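Please consult the sequence and the structure shown here.

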Amino acid sequence: MTTIQAQPGALLPLDHSAGRERSRTLRRFREAFMTAALMACAIFSTLTTFAIIGVLLEETRRFFTMPDVSPGEFFLTATWQPLLGAEKHFGVWPLVCGTMLVTGVSALLALPLGLITAIYLSEYAPRGLRAVLKPVLEILAGIPTVVYGFFALTFITPALLGAGVEVDSYNALSAGLAVGIMTLPIVCSLSEDALQAVPRSLREGAYACGGTRLDVSLRVVVPAALSGIIASFLLAIARAIGETMIVALAAGGLAQLTADPRDQVQTMTGYMVQIFLGDASAAGVEYRSSYAVAFMLFLMTLVVTIVGYRIMRRYREEYQ
Amino acid sequence: MNTSLTGALSLASISLLAAMTVAQAPSSLTGTVKADGSSTVYPITEAVAEEFKKIVPGVNVTVGVSGTGGGFKRFCAGETDISNASRPIKKEESEKAASSNVEFIEVPIAYDGLSIVVNPKNMWVNHLTLDEVKKIWTDGTSVKTWRDVRAEWPDKPIRIFSPGTDSGTFDYFKEVVVGSKGSIRGDMSVSEDDNVLVKGVTGDENAIGFFGCAYYFENKDALKIVPIDAGKGAIAPTHETIETGTYAPFSRPLFIYVNRKAVERPEVKAFVGFYLQSAGKLAEEVGYVKLPSEVYSRAARNIAARRTGTQFTDDQGQPLHGPLADLYQ
Amino acid sequence: MRHADAPSLLKESRESAALNPLANVARLGVAGQADSTTRAPVALTVRDFSAWYGSFQAIKSVSFEVRTKRVTALIGPSGCGKSTFLRWINRMNDMVASARAEGTLNLHGIDLLDQRMDVVDLRRRVGMVFQKPNPFPKSIYDNIAFGPRLHRSFRRAELDRLVEQSLRHAALWEEVKDRLHDSALGLSGGQQQRLCIARAIAVGPEVLLMDEPCSALDPQATLRIEDLIRQLRSEYTIVIVTHNMQQAARISDVTAFFYEGALIEAGRTIDLFTKPQKKQTEEYVTGRFG
Amino acid sequence: MSGPDEPLLGREKPAWRRRLIDRLFVIGCVASAFVSVLILVVLLGSIVVRGWGHLDWAFLNHYPSRNAADAGLKAALWGTIWLCATCMILALPLGVGAAILLEEYAPKGLWARRAHSFVELNIRNLAGVPSIVYGIIGLTVFVRCFGLLGNPNQYDQMIRATLANGVVVQGMLVEDRPESVVIDVTGVDGGAAQAEGMSWPTGVEVSLALVQGETEKLLSAKPGEAVSFSIRRDYNLPLDLAFALAPAEEWETPSVLKVDGVFRESRPGLLVLNDPMEGRMEVPTTTVLVRESFAVRTHEFYLRSNEVVRGDSLSIGEKSATLVSGGRARTINRDDIQGYRSIGSLAIGQEESFFYVRLPLGGSVLAGALTLMLVILPVVIISSQEAIRAVPKSLREGAFAAGATRWQMVSRMVLPSAMPGIMTGAILAMSRAIGEAAPLLVVGGFLFITFTPTNVMSDFAAMPLQIYQWASRPQPEFYGVAAAGIIVLVAVLLGFNAAAILIRQKFQKHTR
C-alpha cells in the first residue's frame with residue numbers, strides 16, 4: 001500500500017472505474033425476487049383470515065346440516081345441552097349470556113377504573129409517579145391470563161366469600177373481575193395515548209379561561225379524546241369476549257340463562273375448552289357445535305374490533 | 001392355603017415378567033409410549049409413568065386426559081399405544097378398532113368406587129337410597145330443590161356436578177342409575193376434569209356430585225360422603241366395601257387397553273410389565289383399591305400370550321356383568 | 001416561520017421608512033394618545049422579577065409597570081423571556097414543573113407569585129390568547145360558552161346574549177351568527193383566532209394576554225386582529241408579545257424590549273421607537289440584529 | 001355593544017365548591033390509580049406467598065409428579081423454550097416481511113391500493129381474534145392437515161440419514177408386521193458429496209443393512225437407485241438400518257471393535273453416548289457416519305483388524321487413528337485399519353434431526369409453534385410497521401438519491417435503523433406467546449410428560465398448560481406448585497419486558 005503524497009489543497013481526480021460493476025440483471029432479479037417474497041409474507045396474513053373463515057364456515061355448515069340441528073334452534077332457543085339428556089339442545093343463548101355476563105362485569109370494573117387512571121396519568125400525575133405507574137400497568141398487561149385465572153380461583157372467589165358475597169365456587173363474578181383486571185391496562189394504556197394525543201394548546205386555552213384541572217380534563221380533554229377512549233373500550237371488550245383461560249378456570253361449566261353474576265356460567269370460550277379438552281378427535285354433533293360457537297365468537301369480536309379501529313383511525317386523523 | 005399359594009405363584013410370575021421386560025433393557029431401552037384416556041385412571045398411569053421413568057430413563061411416556069371415550073377414539077385409530085379406561089371397551093369401539101387394524105389386550109388394573117358427595121356444610125343428607133339417586137338424576141325429573149328429593153329436607157336449589165359424558169365414570173353412573181337406554185338430566189355442570197367437580201362441590205352448600213372414589217379419598221376433609229342404600233342398608237365406599245363388593249352397585253374395575261402391535265415394541269412391553277408389577281401399590285397410593293393378585297397374574301399371562309379382545313362382552317357383543325375375578329380369565 | 005418573516009418585514013420597513021419606524025407610528029396616529037399613557041392607573045407592578053426553568057434563568061430581575069386599559073407590547077428576539085413573563089401573569093407556568101420565580105408581580109394588589117393564591121380565580125381575571133388558534137373541538141357556541149359555564153350558572157337566554165356580545169366584541173358575530181352550532185374547527189385561521197379572543201373575553205377578564213396572536217396568520221387576518229386589539233383597548237388591559245415591530249408600533253401604547261432575559265428598556269412606544277435610550281434597543285428596532 | 005362593566009350575566013358558582021370537587025376528583029383519581037397498583041401487589045403478593053416455598057433448583061429440574069413436593073417444571077420449561085424459539089423463527093421473517101411490504105412498497109394502481117388497505121385492515125382485525133379461535137385453526141390446519149394426510153401418529157416413518165461424506169440415504173418403513181418388516185429405500189443420493197467437492201469413489205456402492213440382533217439383511221445400492229427389502233420381525237430386538245460406504249462383499253468381514261450406546265447429547269464434533277457397560281462414552285463425530293447426530297441413539301463401529309480393540313472413542317486422521325480407552329490414547333496406523341468401515345445406524349421408529357418433519361404434524365412442537373405464530377403474527381407486523389414508520393424519511397431519500405434500489409434502501413437503511421424497534425416488538429410478542437395457553441390447550445391438550453423435546457415433532461408440555469393443570473388439581477398443595485410455576489413464568493416475562501425496555505432506551509439514546 002503506497003500513500004499518495006498530494007499537494008495540500010490539491011484534489012485528486014475521482015476514479016470512477018475502481019471496483020467491479022455489479023450486474024444489473026442480477027440486481028433487477030433480486031429486486032423482483034425480494035418484492036415477491038415480501039408480498040408472500042403479506043399474503044400469508046390474508047390467508048390466515050381466509051383459513052379462519054373457511055374452516056369455521058365449512059364446519060358450521062356441516063354442523064347445521066346434521067340431523068337434529070337447525071339454525072332456527074341455534075339462534076332462537078335458549079337451552080344449551082349438547083352433551084346430556086335424552087335430547088340434545090343447541091340454543092346458543094345461554095353461552096352468549098355467560099359471555100356477556102363475564103364481559104359486563106369486567107367492563108364495569110375496567111372501563112371506569114381504566115379511564116380514571118388514564119386521566120390521572122395523563123393530566124394529574126407528577127412525572128416521577130407516571131414513570132413508575134406506566135411500567136406497572138405494562139406489567140399487568142403482560143401477565144398471562146392463566147395467572148389471572150389462578151388468581152380468580154384462589155384469591156378473588158375466597159375473598160368474595162369472606163366479604164359475605166354468596167357466590168358459587170365457580171361464578172361469573174370473580175371470573176369477570178379477573179377479566180376486568182386483565183383488560184384494565186388495555187383501557188388505561190390506549191385511553192392514555194388518546195388523551196396524550198390531545199394538543200397541549202387546547203389544555204392551555206381551557207386553563208386560560210379559568211378552568212380547574214377537573215374542568216380542563218373532563219370538559220375539554222376527555223371530549224376531544226372521546227373517539228380514542230371509545231376505541232380503547234371496544235378493544236378491551238373484544239379481549240374480554242374472547243378470553244378463555246380465566247373463564248375456563250373460574251367461571252364454571254353450566255350453561256344457563258342468568259343475569260346474576262354470582263351464579264356459575266359457561267361462556268362460549270369455556271364451552272370450546274370443554275369440548276377440545278375432553279374429546280379432541282371426535283366428529284360428533286357436539287364437536288361440530290364448537291365450530292359454530294367459535295364462528296359466532298369470531299364474528300362478535302370481529303365486529304367490535306372493526307368498529308374500534310374505525311373510531312380509533314378517526315381520532316388519529318383529527319389532530320394530524 | 002390354596003389362595004396364598006396362588007398368590008405367591010402369581011407374584012413370582014409378575015416379577016418374572018418384570019425381570020424379563022425391565023431388566024433386559026434398563027438403560028439402553030429407548031422409545032416413546034403414548035397413553036391417553038380416562039381421567040379416573042390418569043392418576044394411576046401418571047404414577048406408574050413417573051416411577052417407570054426412574055428405572056428406565058430412556059423411555060418417554062406421555063399421558064393425556066381426554067376421557068375414556070375420547071381416549072378410545074384415538075386408540076382405535078392407532079394414535080396411542082395405551083388407552084386408559086374406566087369401563088370395558090364397547091362393541092362399537094372394538095369394531096372401530098378392528099376396522100383400522102388395531103388389536104388390543106385388555107388389562108384390568110384396579111377397582112374404583114363411584115362416590116356420591118355433598119358439601120360438608122350440608123346437614124340434612126345422611127344417606128340416599130338408590131331410588132332417590134335415580135329420582136335426582138333421571139332425565140325429565142321434577143327434582144329442582146332438596147325438598148323434592150325428601151320432603152323433610154330444606155327448600156334449597158340442588159346444584160349437580162357431573163363428570164363429562166366422555167368419561168367412563170359418567171357411562172358407569174348412567175348404566176347403574178338409568179340403564180343403558182335411559183338418559184341423565186341435562187342441567188348439570190359438567191367437567192371432564194374431576195378436580196373441577198371436587199372444587200365445585202366444596203364451594204357450594206347445595207351441591208351434590210359424583211365421581212371416582214380416588215378423588216373422594218384424596219379430599220375426605222373437604223367433602224361429605226353420601227352412603228348409598230341399595231336394599232342392604234346404607235353403605236359408604238371404603239377399601240373393604242369396594243374390594244368385597246358390598247358397595248354395590250357403585251364399584252367398578254379400571255382398565256388399560258394395550259395395542260397389540262405396540263406391545264411388540266420393547267419399551268411398551270417393559271412399561272406394561274412394570275405397570276402390572278406396581279399397579280396394586282400405586283393404585284392404593286392414589287386412592288383406588290387394588291385387585292386380587294391372581295387377576296394381575298392372569299393379565300401378565302394374557303400379555304405374554306398376546307391374548308386380544310375383551311372378556312366383558314358375550315358373543316353377541318352384549319356387556320357381561322359380575323365380579324371381575326370371575327369374568328377376567 | 002416567524003424567524004424568516006421578521007427580517008423580511010424589517011427589510012421592507014428599512015426600505016420604505018428609511019430606518020425610522022416612527023414614520024409608521026405617526027401614520028397610524030397612535031402618537032396623539034401618548035400623554036394619557038402615563039396617566040392611566042397601574043394594573044401590574046413588576047419589581048425585581050426573576051424566573052427560572054430548572055437552573056436556567058429565563059428572566060433576570062425585571063422591573064416595570066403595566067397600565068390599565070392600555071396596550072403593552074413585549075418585544076425582543078426569540079428566547080428573550082417575553083413569553084415566559086406573559087405566562088407568569090396568569091400562572092400558566094404552573095404546568096411546567098421546573099418553573100419558579102422571585103420578586104414582585106402584583107396585579108391590582110394581588111401577589112401573583114403567592115403559592116396559595118387561587119390560580120383559577122386569577123385566570124378568570126386574566127384571559128389569554130395563544131400563538132396558534134386553539135379552538136376546542138366543539139361548536140362555536142360551546143367554545144364561547146365554555147368559560148362562563150365553568151364559573152356561573154345561566155339561563156339559556158342569558159348565555160345566548162353573552163355569546164352574542166362576546167362574538168360582537170371579537171368582531172366575529174356577523175360572520176358566524178348563522179352557524180353558531182357548527183364545529184369551530186371549520187373556521188379559517190383568522191376567524192379561529194378571533195373566536196379564541198371572544199372565548200377569552202366571554203369570561204369577563206380585566207387583563208388580556210396575547211402571545212404572538214398573529215404569528216400563525218396571513219397578513220389579511222393579521223390586520224383584522226390588529227383592528228380588533230385597537231378596539232378592545234378601551235375596555236381591557238392588554239399585554240401582547242410580538243415579534244413584529246411594526247405591529248408593536250402600530251397597536252401598542254407602551255413597549256418593553258427584552259433581551260436575553262433582561263428588560264433593556266420600557267417606555268411609551270413612540271419614545272422607544274423614535275429615541276431609544278439604549279444602544280441595544282436602537283439596534284434592535286432598526287433591525288440591525290434580532 | 002355592552003362593556004365588561006355591565007353587571008355579569010348568570011349566577012355565580014361558589015368557588016369553594018368547584019375547588020372541593022376538584023380536590024375530591026384528584027383523590028378519586030389517585031385512589032383508582034393506586035387500585036391498579038394494589039391489584040398488582042395483591043396478585044403477585046398472594047402468588048409469591050403461596051409459591052415461594054416450592055421454588056428451588058429442584059423445582060426447575062424435576063419432571064411433573066403426582067406428589068406436590070416432587071413436582072417440577074422441567075418438561076414444561078423446555079417445552080416452552082422449544083415452542084417459542086420455533087415460533088419466533090417462523091413469525092419474525094414473516095411478520096417483518098409483511099411490515100416492510102406494507103410500509104415501503106406503496107401500491108400504485110387502484111386495485112393494488114385496495115389490496116394494500118385490505119391487508120392492512122385485515123391485520124388489525126386478526127389482532128383482535130380470540131386466541132382460542134387460532135387454536136381451532138391450528139388443530140384443523142396443522143395438527144390434522146384437514147385430515148387429508150392420514151393419521152398423525154401412525155407408525156409410518158421416514159428414515160433419512162446423511163453420511164459423513166455427504167451421501168444421503170432415505171427410506172420409508174412401509175410395513176411393520178411380525179412376518180416381515182419392509183423398508184423402501186427411495187434414494188441413495190451421492191450428489192451432495194459431489195457438490196461439496198468430495199470424492200465419490202467410482203464403482204463403490206452403498207451397503208445397507210437391516211440389522212436385528214445378529215441377523216442382518218444386506219443390500220447394496222448405487223447412488224440414485226431405489227430399493228426395497230424386508231426382514232422377519234422379532235419384536236424383542238431393536239431394528240436398525242445401517243449404512244456403510246463400502247463394496248458389498250467387504251461387509252461380510254467380521255467386526256473387531258463394536259461400540260454400542262444410547263444417545264445422550266451431542267456437541268460440535270463430539271457425540272456423547274451412554275454405554276450400558278462402560279458408562280459415559282464420547283465419540284468424535286468424525287468417526288460417525290450419521291452426521292445428524294440428534295437422530296442417533298445406537299451406534300456400532302466396525303473396525304477390521306486382526307486385533308481386538310475396545311475403546312471409548314475413536315478418531316481417524318489421514319495417516320493414523322487414535323483410540324482412547326480408559327483415558328489412555330493409543331495410535332493405530334491407518335494401514336492397519338485398511339479395511340476399516342464405520343457404520344452409523346439408525347433405529348427405526350425413532351425421530352430424525354431436530355428439524356425433521358412429517359405430515360400431518362400431530363400435537364407436536366411444530367404444530368403448537370405454528371399456531372402460536374398465527375396468534376402473534378399481527379402483533380409482530382404492527383409493531384414492526386411502527387418501528388419502520390419511525391425511520392426518518394430523509395434516510396430513505398438519501399439512499400434513493402445515492403441510486404439505491406428499493407430493496408437496497410430497505411435492507412441497508414431502513415432495517416438497520418428500525419431493528420431496535422422491531423426487536424422490542426418481537427420480544428413483547430414472544431412474551432405473549434410464552435403466556436398463551438388457550439390455543440395450546442386445543443392443539444396439544446395437556447400431557448403428563450417426563451422428557452424434554454428433542455425435535456420439532458416431539459410431544460410437548462408448556463408452562464401455562466402445566467400451571468393450568470396444577471391449578472385445577474383438587475389437592476391444595478398443588479396450588480403452591482402452581483404458584484411457583486407462575487413465579488417462574490412471570491419472572492421469565494419480566495426478564496423479556498426488561499430486555500425490551502433496555503433495547504428501547506438504548507435505541508432512544510442513539511437517536512438523540
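In this predicted model, the contact (heavy atoms within 4.5 Å) takes 74 residues from chain A and 78 residues from chain D. The area buried between chain A and chain D, that is, the accessible area (1.4 Å probe) lost by two parts on being put together, summed over both, is about 6700 Å², and carbon and sulfur atoms give 78% of it. Helix H1 (residues 24-65) of chain A supplies the largest share of the side of chain A that touches chain D, with 18 residues. Between chain A and chain D, the count of salt bridges (a side-chain nitrogen of Lys or Arg within 4 Å of a carboxyl oxygen of Asp or Glu) is 0.

A search of the whole structure finds 13 cavities of 30 Å³ or more; a cavity is a set of points on a 1 Å grid over the protein atoms alone where a 1.4 Å probe fits but cannot get out, and its lining residues have an atom within 4 Å of a point. The largest cavity holds about 250 Å³ of space. Among its 21 lining residues, A:Ala248, A:Gly252, B:Val190, B:Ser191 and B:Val196 lie nearest its centre.

The table gives residue classes.

Residues are numbered from 1 along each chain as its sequence is written, and chains are lettered from A in the order in which they are written. Local features need pLDDT of at least 70, whereas totals for chains, interfaces and linings use all residues.

Terms used: This is a predicted model: local features need pLDDT of at least 70, side-chain atom pairs count only at pLDDT 80 or more; totals for chains, interfaces and linings use all residues. Side-chain values use heavy atoms; hydrogens and water are left out. Helices (H or I, at least four residues) and strands (E, at least two) are DSSP runs, numbered from the N terminus. On a 1 Å grid over the protein atoms alone, a cavity is a set of points where a 1.4 Å probe fits but cannot get out, and a pocket is an open set with protein on both sides within 12 Å along at least five of seven lines; lining residues have an atom within 4 Å of a point. Grid points are joined across faces, edges and corners, and a volume is the space filled by probe spheres set on the points.
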